[in-house]
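Please look over the chain shown below before reading on.

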Amino acid sequence: ILPLIENMETYSVRDEVFATTLVEDPKKSKGEGTLRVQTREGLTVGMAIAVRYRLDASKLAYIHSNLPQPIEDEMIAPAVSSIFRDLAPTYIVREMFSTKRDEVRQAAAGL
């Protein structure tokens, strides 16, 4: 690598976990780390979500040249939030957390 002409970026191709928390951390900025969605009744609920993902090593050149960086903050977090914000209004609170919990999980995995 030639200094000031070329640069090198490193990407992890191992499994990574993106997770949200139920309680806001005072050390983080407002809203960071929490996922709040609105249910069919119009109630806002907090969700703790953990998503495992891995970057495809064969597509790293495309990822580096076309996607915003850092991937977790700019791509993964908005995608996970969007999926659950689109999914939550189809359920009431009781269904999301008890009777249809597995259905919610499977629907989110399918998106």
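Contact, or touching, means that heavy atoms lie within 4.5 Å. This is a predicted model, in which local features need pLDDT of at least 70 and side-chain atom pairs count only at pLDDT 80 or more, while totals for chains, interfaces and linings use all residues. Residues are numbered from 1 along each chain as its sequence is written, and side-chain values use heavy atoms, with hydrogens and water left out.

Start with Met47. Not counting residues up to four places away in sequence, Met47 touches Thr20, Thr21, Leu22, Leu35, Val37, Phe84, Met96 and Phe97. Met47 also belongs to the largest nonpolar core, which has 20 residues. A nonpolar core is a set of buried Ala, Val, Leu, Ile, Met, Phe, Trp, Tyr and Cys residues joined through side-chain atoms within 4.5 Å. Buried means under 20% relative accessible area, exposed over 50%, and partly exposed in between, with a 1.4 Å probe and protein chains only. Within this core, Val37, Met47, Phe84 and Met96 touch the most other members. At least two core residues come from each of strand 2 (35–38), strand 3 (44–47), helix 2 (71–87) and helix 4 (101–110). Helices (H or I, at least four residues) and strands (E, at least two) are DSSP runs, numbered from the N terminus. Helix 2 gives the most to the core, 6 residues.

How do helix 2 and helix 4 pack, and at what angle? The angle is about 130°, and the axes of the two helices are 10 Å apart. Axes are lines fitted to C-alpha atoms, for helices over the stretch in contact, and angles run from 0 to 180 degrees between N-to-C directions. Helix 2 and helix 4 are therefore oblique to each other: angles under 35 degrees count as roughly parallel, over 145 as roughly antiparallel, 65 to 115 as roughly perpendicular, and the rest as oblique. Ile83, Phe84 and Leu87 of helix 2 meet Val104, Ala107 and Ala108 of helix 4 in this contact.

Two single residues remain. Ile63 lies in helix 1 (residues 60–66) and counts as buried because its relative accessibility is 8%. Ile63 and Thr99 are 36 residues apart in sequence and 39 Å apart in space, C-alpha to C-alpha. Glu95 lies in helix 3 (residues 93–99) and, at 15% relative accessibility, counts as buried. Leaving aside neighbours within four places in sequence, Glu95 is in contact with Arg40, Thr90, Lys100 and Arg101.
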